Amino acid sequence: MTGPDPNNPQPLPDHPRVCFLKPVVKNPLIEIGDYTYYDDPVAPETFEDKCVHYHYDFIGDKLVIGKFCAIAAGVSFIMNGANHPMAGFSTFPFEIFDHGWEDFARDADPKEGFRGDTVIGHDVWIGRDASFMPGVEVGHGAIIAAKSVVASDVPPFGVVAGNPARLIRMRFDDHIIDDLLDIAWWDWPLETISAHLKEIRGADMAALKKAAPKRG
């Protein structure tokens, strides 16, 4: 068992709506791990254009999505270019309209309000029409409910829902989460993952620990 080719953008020939993203996203400011897929009935290969918004090179923020993530249709990643300066009395972007107003751009800081990179961990399940605000960090194994608006960080293996998204519950007890983060199955060699899908998809920690590669 070798698993599908992570560089094949359409791993399911009978279901072209499912697209592995790593081979189709070309923006160097977007990093996507192996096997992360986007499920959309209309042109899933256009994820970068459809789902990543206000992502301007001159700002330089990154969107980082880990391995083995499942992303449903309609998800939006709002990047830092959407932010307007808020320190002054007006938030209106006068400088982008020229006719003399562009002179103000010399004094404007394009990174004012910059909130950093947006980072999605490994094995994150993102429901339909969920939105992510600039600079949020979502931990490994988290679940984002459909139509959630994620405006703050999500802990590993947390389940969030709502607008703004709130923590509904943790998927596992703290000691199980610590073990899962330590085991980090998503970083195992592919051959080991393929040989131990039962343990990875199961709920027997002793069996998962036994399957984990020995550390040198």
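Q: Which backbone atom lies 2.8 Å from a polar atom of the side chain of Asn-27?
A: A polar contact is a pair of N or O atoms within 3.5 Å. In this model, which is predicted, the backbone nitrogen of Leu-29 lies 2.8 Å from a polar atom of the Asn-27 side chain.

Q: Where does Asn-27 lie along the chain, and which residues does Asn-27 touch, leaving aside those up to four places away in sequence?
A: Asn-27 belongs to the loop between strand 1 (18-20) and strand 2 (30-32). Leaving aside residues up to four places away in sequence, Asn-27 touches Glu-48 and His-55.

Q: Does Asn-27 count as buried or exposed?
A: Buried means under 20% relative accessible area. Asn-27 counts as buried because its relative accessibility is 14%.

Q: Which residues of helix 2 are buried, and why are they on the same side of the helix?
A: The general idea is that an α-helix has 3.6 residues a turn, so residues three or four places apart point the same way. In helix 2, which spans residues 174-183, Ile-177, Leu-180 and Ile-183 are buried. They cover an arc of only 130° around the axis, and therefore they are on the same side of helix 2.

Q: What do the buried residues of helix 2 pack against, and which residue follows the helix?
A: The buried residues of helix 2 pack against strand 15 (166-170) and helix 5 (205-211). Ala-184 follows helix 2, and the phi of Ala-184 is positive, near 45°.

Q: Which residues make the nonpolar surface patch?
A: Phe-92, Phe-94, Ile-96, Phe-97 and Trp-101 make a nonpolar surface patch of about 520 Å². One of these residues, Phe-92, lies in the loop between strand 7 (76-78) and strand 8 (118-120), and because its relative accessibility is 43%, Phe-92 counts as partly exposed.

Q: How many residues apart in sequence are Gly-162 and Glu-102, and how many Å apart in space?
A: Gly-162 and Glu-102 are 60 residues apart in sequence, and from C-alpha to C-alpha they are 39 Å apart in space. Gly-162 lies in the loop between strand 14 (158-161) and strand 15, and with residues up to four places away in sequence left out, Gly-162 touches Lys-147, Ser-148 and Val-149.

Q: How many helices and strands does the chain have, and what part of its residues is buried?
A: The chain has 5 helices and 15 strands, and buried residues make up 39% of its 216 residues. Its C-alpha atoms fill a box of roughly 65 × 40 × 35 Å, taken along the principal axes.

How values were computed
Residues are numbered from 1 along each chain as its sequence is written. This is a predicted model: local features need pLDDT of at least 70, side-chain atom pairs count only at pLDDT 80 or more; totals for chains, interfaces and linings use all residues. Side-chain values use heavy atoms; hydrogens and water are left out. Patches are made of residues with over 30% relative accessible area and no salt bridge: like charges are joined within 9 Å, nonpolar side chains (Val, Leu, Ile, Met, Phe, Trp, Tyr) within 5 Å. Accessible areas come from the Shrake-Rupley method with a 1.4 Å probe; for residues, only the protein chains shown count as cover. A salt bridge is a side-chain nitrogen of Lys or Arg within 4 Å of a carboxyl oxygen of Asp or Glu. Helices (H or I, at least four residues) and strands (E, at least two) are DSSP runs, numbered from the N terminus. Buried means under 20% relative accessible area, exposed over 50%, partly exposed in between (1.4 Å probe, protein chains only). A polar contact is a pair of N or O atoms within 3.5 Å; within protein, one must be able to donate a hydrogen and the other to accept it, and residues adjacent in sequence count only if both atoms are side-chain atoms. Contact means heavy atoms within 4.5 Å. The arc is that of the directions from the helix axis to the C-beta atoms.
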